[in-house]
Structures are given as structure tokens and as C-alpha cells.
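Colleague: I am new to reading protein models. Could you take me through this one, feature by feature?

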Amino acid sequence: MADRSQYPSPGPDGTLDIDLSSGKYLKLWQGPNHPGITGNMAVELTVCGDEVVEGKTHVGYLHRGFEKLMERRTFIQCFPIVCRICVPEPDFNEYCYAAAVEELAGLEVPEKAKWIRALILEMGRINSYLMYLGGQAGAFGQGVIGQWTTYARDLMLDRFEELTGARIYHMFILPGGVRDDLPEGFQERMEDTLQEIESTLSDVYDTMFRNAVFKKRAVGLGYVDPAVIDRYGVTGPVARGAGIAKDVRKDQPYLVYDQLDFEPVTANESDVYARADVRRRDLLMSVDLIRQILARMPRKGEVMATLPNVLHWKIPRGETYVRGECSRGEYGYYLVTDGSGYPRRVNVRGPSYTHAMALLEKLIVNVNISDVAGLMVSLHTYPPEIER
Amino acid sequence: MQSLYDNLKSLFALDGFEGQRPDLAFVNVSREQLRPLLLHLRDQEGFTHLVLLTAVDWIEDEQFQLTYLLHDRVNARDVGVRLMLPRENASMDSVHDLWPTAATYQRELREMFGIDFPGSPRVDEDFILEGWTDLPPYRRDFDTLEYAQDTYKDRPGRETRDPALHMKEKLYPDGGDNG
Amino acid sequence: MAFEWIMIPYSMLTLFIVINYGLLLTALMQKIGARVGRRHGIPIWQNYLDLIKNFGLRTSITHGTMFYLGPVFRLTGGIGLLLFVPTIYGSEMFSNLSFAGDLILALYFVFFGTLGMALGAAESGHPHSAIGISRGLSQVTSAELPFALAVFAVALQYQTLSVTEIVAAQQGGIENWTLFTNPFAVAAAMLSFLGSMMRPPFDVVLAPQEIPIGPPTEYHSSYLALMQTNRVIFPIAKIVVYMNLFFGGAASWPVFFLKVFLIYLFSVFVGVVFPRFRVEQSVRWFLVWAVPLGVIAIVMV
Amino acid sequence: MKDEFEKRLENQPDERPKRQALRDIPIREELSPRTVRTPDGQEIKIDPLQDYFCQAGPTVQTPAYTKIIEDLFNWARAESLWILGFGTGCGAIEMRPLMTPRFDAYRYGIQWRPTPRQANLLVISGYLSVKTLKRAIRAYEQMQNPKYVVGLGSCTINGGMYWDSYNTIKCLDEYMPVDLYITGCMPRPEALLQGFDDLKKLIRAGKGEGANKYAENFEWYKANQKRVIKDWDMPDYNW
């Protein structure tokens, strides 16, 4: 441990007085053009020796002003752009937006559409977790894991393509239901993909989670105190890694999650390793959930409710908040309508919003420079949902 | 939820209570009442998790609506605390000491709506935009299309149509009513 | 042995062979690493293309004299190391400029390139370079320690400081190799070999996710081409030393190619599935595991 | 593409009135001119933007003098494309599959370099917000001649979905010389591979002279960039 006496002393208002001209400190920008950054954001590090004294997150490199754009698009025109908000897991935007609109417009979604929606969401969760595992290992220099998981992700993307016709932006869940029914023989092909993913995961478990060097790096890094979970608005695997069984799918079951049997995955160590392990087990749980969904889903039935003329679709004044448990935590849409044909205000609440800003800036202090990337990845932040 | 409302009603002067869902309700509160109400909800009622803090621009009646959405993890219910704010040089007292993460939301509101939160850390720094010289973009009176057109150059040959009019003249050339 | 002018073209020939072999071998190793990731990897001739491309870039930016000299020093380290130890044992053509005390010189050259690189990269003024240098020097130093111990053990064992004589002492059958006559020295040396090959778990110097990409961050076009050339010479030169000291040298080119490939493969094999240590972790690892082995080796001689 | 570029060179970029700024941006204090005390005690004035950066602009680099050498170089450049690992937009998500078993771009000599000094291909992966445009320009100017730019996705061509967004630029080639566009939202990896293949053809034919184009029309590009980037707090050409 470095000598704490050389560190800056926090002032009365808690801010550090850092005299850059003293030559003891160095400003180091991690990102936006940096392989060790998640997506296109930047962390402004002030390092003292090899340890970070202060870190500031800078976002906004991906800002497109969705919440403004949606105010000048009709409800059905909003549907194709919402998925662009979060690239690696776009389906939650579609679901949350659709659910909010349905709630305010009083639409009833057909039963089968709910099952298909749940299926899509779980598939997206698997993709996101696979990407995370590769990133987490890569942040510690274990590139080969990323190769394996991205290959498995490609297999899952094939299923997406078969179902929705697109690899990344599916635009499949729209207000009133889903676009289409499952194709012929989808269940069997999905089963093959799931088995492939499971075998990949067992390899990953052997090479990554049981690797001595990986443990040396990950165990004990980035401890999140369970007491501050709520103060910092922490949700999802980061909270579950701290031993708090907080899972929207269980607490406020949406879609068909009340008819599926599963238990939220938790761990107690609350460090990078625990979070990675929570995500791995959560991924296996998603695989199991997909099997359940495909088994219990009603064979026939409508997948789309009849919408009013979408060109003149007006929704009475109201406001609501709809949330879902995405792979990073609680994903929510706050929708306000004023009786016109356009949303009055849409606010997207992405989990990274709190993880990458307040929480990261708190955790990053006194962390070795080498561990910054690993720590950031373990919070699983996606910049697009911070700045929209 | 109703029990919660009666409980609150006895303590604070609330006007209006809308139960949107069995597990989601909205209350309106005055500016003075806001902080004690939030404290009460956080410490007594178990609404420990600030889900989001955002604003809605009701430009017709010259007001901003601030929404503090709180979540009760144990009973899995949410309550949204609504607060009306006069629109010109709007300013609100900060709650970053109750929830550290509120500072981020307040930075965004400061930048996107121009609502000031005196005392909130780093509230005046650029958050998302950089070198923004125009109106705060999320205000209703800021026209993003107009701004984009006279700031950025369009590539010639792109045409956009209002879908309603376009379909009307395609499907009903005789101008029949399709409402 | 006495110096003759004919040695110079001979050693140039050695250099030429080694450079080409190194270019191909490095690409081959990358392909092997890619196979682990279920990929095909780069074409075998990719390194030549990259070299030509970097030489063919039209502009280049300097940060001062040392910035020029950095790659030069590094290349000197590689070539010098190669030229002062016999590549092929017993062959008049390819035993290069080796002389009685060349073992000491080899030890020096192993370190020389890193120092030169440090000077050059430091002048580029990029913080990532500075961090990479501090990491690199500390790690290389700690990795050199067991190697030096092992070398002394070998020198004591054979009572000579001439690589040629050490190789000579190991001829006549595999059981004469240092690998079997003094296994602890070989073990210590191979551990330090891992540390000096810049592959996981000891590649924290380059560490693309942390300080992209360490010392060479600011190097481009022809500087980078020089460093690439060194990057293919230096490992092989080092492996030649190891081969001569511990694995009975090579009496002909095919044997040379085979042994170099196997020793190189050792580091790739270890590195391909490991994350990387933090620098203080790797230093501790060397001091805890490798150095005692070296001490034991010396004691046992 | 070429003639259209010529056409747009005719009309100067500032034919439209600028929006008047409602507030002015103060220059960051570490960039403002000031006097500092040197270690040996004397006071000196520094103007960081003038003193800390090289002020020389880009220069047009002539090809090698003999055609055969230039062809060899072009062939090598085409066969070893080093992409700057800078994910500027959502297109970056399809870069990962490109480097992994399904579509293994390394087979075609395409590699990713983390530092702009060593990269010679800048892939603008999707929409560019103004904030990122600033960084992209810096990264582009730090790359070495010859260098190439590939615009990826519809939003780099004409704004795509974000045609009315207040924060994303439309038609990228106003701000840096684009050699190739790959359409789609988002383009599939197969499309990317095809695009890189076409780029190789361009380079082998000696058409990949974007850096010289940038040097020739430097003022035009700078005017366009400064029109969009309101707080220009960096030297005009930063390498």
C-alpha cells in the first residue's frame, strides 16, 4: 500500500485540493479513444504514483437527443428509434416504451405476444452477458475469452436474425404486441444454440473463473458497500453481487415472469469477481428461462393487438413509469402524454446512469491504474444509455 | 397505496394523489414541503431508492414539473413526487445530500432545462453537451429541426414527408376523410 | 578464436537468415495463438507487408534525438546479442563474432535494448510511454535476476565464460544438456524467459487495455518498422542464448529452427490463456518463485 | 462522389448566416494566456495554444518518384490496414464480431491499433456527435500520411435517423476526406468486409489520397469544422 500521507487532504466540502503543479500528480485520460474504456466515454484520472486519487467520468460523446427527437415524432414513429438508445441490448427500450404506451393508451397485449417478448428479452440478456464476459476478461488481458464468447454471441444473433430479420436493431416489440410469430422449427434450433452456449460457458468457467491470475486481479477489487446501494441507486448484478436479492423480474413481475420459476442470483463478496460470477450464473439462468418459455408458450394465438389508426393516434393526458430488469440493472421509461399525438416527455432511466457516474467516481479512488479498466467493465456500463 | 396516502396526508399538505398502478402513485407537493416529504418517505416509509429525477416542460402554463420517483424495495412500490416550478430563471434546492446520485440528475437538468440547483456539486460543468451556445435543448421552445438545419449542412437529395399527409394523398387522392 | 574479416559477411548472412525466420516464426506464433481463439489469424507473410507499409509511410514526426535513437538502441541490442554468440555450433560460418568472454556481453545486451527504448520513449513525452517504461524496467530487472543467477550457475558448472565452450561441453547426447545436468538453473532461466517475452501473464508493459500500448505509443512509420524488425530478431537472439546454454546448442540449421520454435512455443503456450499480472504482482512472483530456484542452482553446483 | 465534392467546394461553407450565440464560452483556464514563474525564478508569459503546439499546417506529400516503388507501397498499404480502435458510434458493436472467429478480419491484414500514430485507417462507426467530432478530428490529424477514412452507417452519409437531431453532424465528408461509405443501419459484418475489400482496390489503384485532399482544401475543412464546433479550444492542426 502506498503512503497515504502524500495524498491530498479532503477540504471541508469534501473536495480534494490537488495542486497539479506540485509534480506529484498526473492527469491521465482514459478514453474516449482507449481500448480499455467501455464504449465511447472518458474517465479523467488524477493519479499519484500508480494509484488513482480522483476520477471524473465524462460522457456525452454519443448524445443524439432522443428524448427531444421523440417529442416531435408520433407514437408509432418513436418505436423504430428507441432501440438505438442502447446498442448491445436494444430490446429493453422497445419493451419499456411499448409497455408505457400500452398502459397509457389502455391497450391489451395478447397472451402469446407477452411470451415472445419475454423470449426476446432473455435472448438479449444472454447477448449482453456474453459480451460482458469477454470484456471483463479482456480488461485483465485475457483476450481469448472474448473470442469464444463473441462467437457464442454470433450464434445467438443468428437466432435473432431468424426471428426478427436483424442482427443488432431488431425493432420487433412494438406497441400492441410483437411483429411476428415464431418461425417453423425455431425451438429445435434454439435448443442447439443454447447447448453451444452452455459448453462455451463451461470452457469460460475453467479458463477464466478458476484461473489463479484472474482471481489475483479480480478478488477484492472494487468493493461496493451494501449500505450505499440505495443511496447510489445501484441495481442489477452490482446490487445482487453485494448480497441484495433485487430483481425486478421477481419483485414486480412483468410480462410472464410470474409464471416462470427462478430465483435471483446473488453473491456476497461484492467485488469484481463476485459480480462476474453473478452474471455468469444469471446467464445460465436465462438459458433455463428460455427453455421454460419455449416449453410453456401457447402454441397458437394472436401476437398483435389491433391498433387505432396510428397516424392519428392520440393518447389522453397521463404519466407513468415502466421498468424492467435488463442485464445491467433496472431499465425504465418515464412517459408523459398530454392528449396530443406526440409524447410530451420521455425520460429513459438506464442503470449505467448511476453506475458510471456517481458509483464509478466513488469506487475509482485509490485503485491501481491497471485495474481501472477492469473495475469499469465490472460495473457493466454502456454510455449510450447514460446520455441518450 | 391508499394507506400510504392517508399516512402522508396527516403529515403534509398534499394536493392531488393519482394511483396510476397498484404499485405506482403520484403526489403533488409544494416546494417547502418537498424536502421533509422526501426525508419522511426515505427514512420512515422505506422509499430508499431514488429511481429518477426529471423535469417536464409545461410551456403553456409557464411551469416546469419536477418528478422525484422513489422506489420501496421491500414492498415493491413506487411513488412519484411531483412539484411545479415557475419557468423563467427556474431554481430549485438540491437534494444531493439525501441521494449522492441526485447530483448527476441535477447536472443534467441544469444543462438540458436550465433549472439551477445551487450547491449541487459540479452542477455548472458541462455534462453532456460541450460548448453549447443555444437554448437548453430539452425546453419546448427550442426547435431541434430548425437548429439542425441552419447549423449542419444537409446532403442534397434527402426528402422527408409527414406520414399522415403522404398516406392521405397516396391512399385518398380525392381527399376523403381517413380519421 | 582469432578475428578474420570473412566473419563479417558470414555474420551478415546469419542475420539475414534469422530475420526472415523470425518474421515467419512470429506470424506463425500469432496464428497458433489465433487457433486457440478458434480463428485462422493473420497470413504467414503479414509481417513483411507491415514492414513495407511502415517504411512506405510518407510522413513521420520526431520528438528529438533520443526519440530517433530509441529504436536504434533496441535494434542494436537485438543484433548485438545475436552476433556475439555462436548461432550454429561448430560451423565456421555461423559461429559469428563469439569470443572467450561473450557470456558477460550477452547478459549485457539482453538488457541493453530495454534501456535504449526507455530513453527514447521517455522523450516522446506521452504519459502512457512513461508509465510503460517504469513498469517495463522494474519487471525486466526482476526477470533478469533469476536469469543471471542461472547463467552464473552454468558458468560455474562448466568453469568457463565462453558460450562456445559451454555448448561444446553439452555435446554428445541429450543427457549432457544443462537441462538434465542442472535442472534448477534451467527452471529459473525459463521462468525469467517467460517474463522477458512480453506475453501474458507478464505483458503489463504493453497492456493494451490499460496504457495503450506502453513505450511504443508515439512510435510510427519508420521508427515502428525498426522496432518491428527488432521485435522479430530479439526473441530469437535470446532463444539462441538459452539454446546454447541449456539445450545443447544447435549443430545445423534444421536443429536450430526446431529448437527455437519449441522454446518460443513454450512462452506462447503459457501466455495464450492467461490474464496479465499487475507489475508489482509479477515482480513479487519472480522474487518468490524464480530467484530461489536460481539460488538453489548455484548452491548445487 | 468526386464531382459532388468539387461542386460543394464551389459554394463556400459559410453562405448561410450563423445562428447567433445566446452565451459565449469562456476559454478553459489551462489554455488561456498567463504568466508563470519558472523554477529559476523568472516570470515568463505563455500562450498555450501558441506555444505548446506546432503551428505548421499539413503539407501535400508527393508519391514516391518511381511508379514501381509507389505501386509496391500501395500494395503493402492495401494489404495491411491498421484500424484505429476508436468506436465513435454504435457501429463499433459490429467491430467485435469482425475480430472474432465468425468473420476473422485478421485474415485480410486488417488489425486494430490503439494509438492514432500507428493506425492508418479511421473508421467513423456511425453518427458523430459534435463532441466526438472534435476528438475524431484530432485523432485523424495525428495519423500519418497516407491515411484513409471509412464512414460507416447511414447516419454518416446524410444524418440517417438523426436527420433532425441538434447534436449530430450530417454528411461526414464536410469535415474530413472520406474514402468510402458503407451504408446500412447498422451495416452487417459482411458489408464491412466487402467495404474494406473495395477500399483495398481503391488504395491499390492509387486513389487513396485523402490526406493530400485534406491538405489541399485545408481552409475549407477547417471552416466547416469551426462552424460546427463552437468552442474551438485547440490549435488549427494538431499533430
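Modeller: Start with strands. Helices (H or I, at least four residues) and strands (E, at least two) are DSSP runs, numbered from the N terminus. Two strands pair if DSSP finds at least two bridges between them. In chain D, strand β1 (residues 34–37) and strand β2 (residues 43–46) pair in the antiparallel sense over 4 bridges. One ground rule: this is a predicted model, where local features need pLDDT of at least 70 and side-chain atom pairs count only at pLDDT 80 or more, while totals for chains, interfaces and linings use all residues. Residues are numbered from 1 along each chain as its sequence is written, and chains are lettered from A and ligands numbered from 1 in the order in which they are written.

Colleague: Which residue in β2(D) is the bridge partner of R37(D)?

Modeller: E43(D) is that partner. The two strands, β1(D) and β2(D), form a hairpin with 5 residues between them. In the turn, G41(D) has a positive phi of about 90 degrees.

Colleague: How do I read a bigger set of strands?

Modeller: Strands of a sheet pair through backbone hydrogen bonds, either parallel or antiparallel. Now look at chain A. Its open sheet of 3 strands has the order β1-β2-β3, with antiparallel pairing. At the edges stand β1 (25–30) and β3 (51–58) of chain A; each has a single partner strand, so one side of each lacks a neighbour in the sheet. Neighbouring strands are turned by 20 degrees against each other on average, direction ignored. Such angles come from axes, which are lines fitted to C-alpha atoms, for helices over the stretch in contact; angles run from 0 to 180 degrees between N-to-C directions.

Colleague: How many bridges join β1(A) to β2(A)?

Modeller: There are 6, and β2(A) covers residues 42–48. One pair to find is W29(A) with its bridge partner E44(A) in β2(A).

Colleague: What is the strand order in the open sheet of chain B?

Modeller: The order is β1-β2-β5-β4-β3, with 5 strands and mixed pairing. Here β1 (17–21) and β3 (49–58) of chain B are the edge strands, each with a single partner, so one side of each is left without a neighbour in the sheet. The twist averages 20 degrees from one strand to the next. Strand β3(B) runs antiparallel to β4 (residues 63–72) of chain B, joined by 9 bridges. Across that pair, L50(B) stands opposite L70(B). Helix α2 (residues 31–43) of chain B packs on the sheet and touches β4 and β5 (77–86) of chain B. The direction of α2(B) makes about 165 degrees with that of β5(B).

Colleague: And two helices together?

Modeller: Two packed helices are described by the angle between their axes and the distance between the axes. Take α4 (residues 111–139) and α10 (residues 272–296) of chain A: they pack at about 155 degrees, with axes 9 Å apart. That makes α4(A) roughly antiparallel to α10(A). The cut-offs: under 35 degrees is roughly parallel, over 145 roughly antiparallel, 65 to 115 roughly perpendicular, and the rest oblique.

Colleague: Which residues make the contact?

Modeller: Two residues are in contact if their C-beta atoms, placed from the backbone, lie within 7 Å. Among them are W115(A) and Y129(A) of α4(A), and L283(A) and I290(A) of α10(A). By class, this contact has 14 nonpolar, 2 polar and 5 charged residues. Ala, Val, Leu, Ile, Met, Phe, Trp, Tyr, Cys and Pro count as nonpolar, Asp, Glu, Lys and Arg as charged, and the others, Gly among them, as polar.

Colleague: Which chains have the most contacts among the 5 pairs that touch?

Modeller: Chains A and B do. Chain B and chain C do not touch; their nearest C-alpha atoms are 25 Å apart. Between chains D and C, 20 residues of chain D are in contact with 28 of chain C. The chain D side divides into 8 nonpolar, 7 polar and 5 charged.

Colleague: Is L133(D) buried or exposed?

Modeller: L133(D) is buried, with 21 other C-beta atoms within 10 Å. Buried means 20 or more such neighbours, exposed 12 or fewer, and partly exposed in between, with C-beta atoms placed from the backbone. L133(D) is in helix α5 (residues 130–142) of chain D. Beyond four places away in sequence, L133(D) touches L128(D), I169(D), Y175(D), V228(D) and I229(D). For contrast, K213(D) has 19 C-beta neighbours inside 10 Å, so K213(D) counts as partly exposed.
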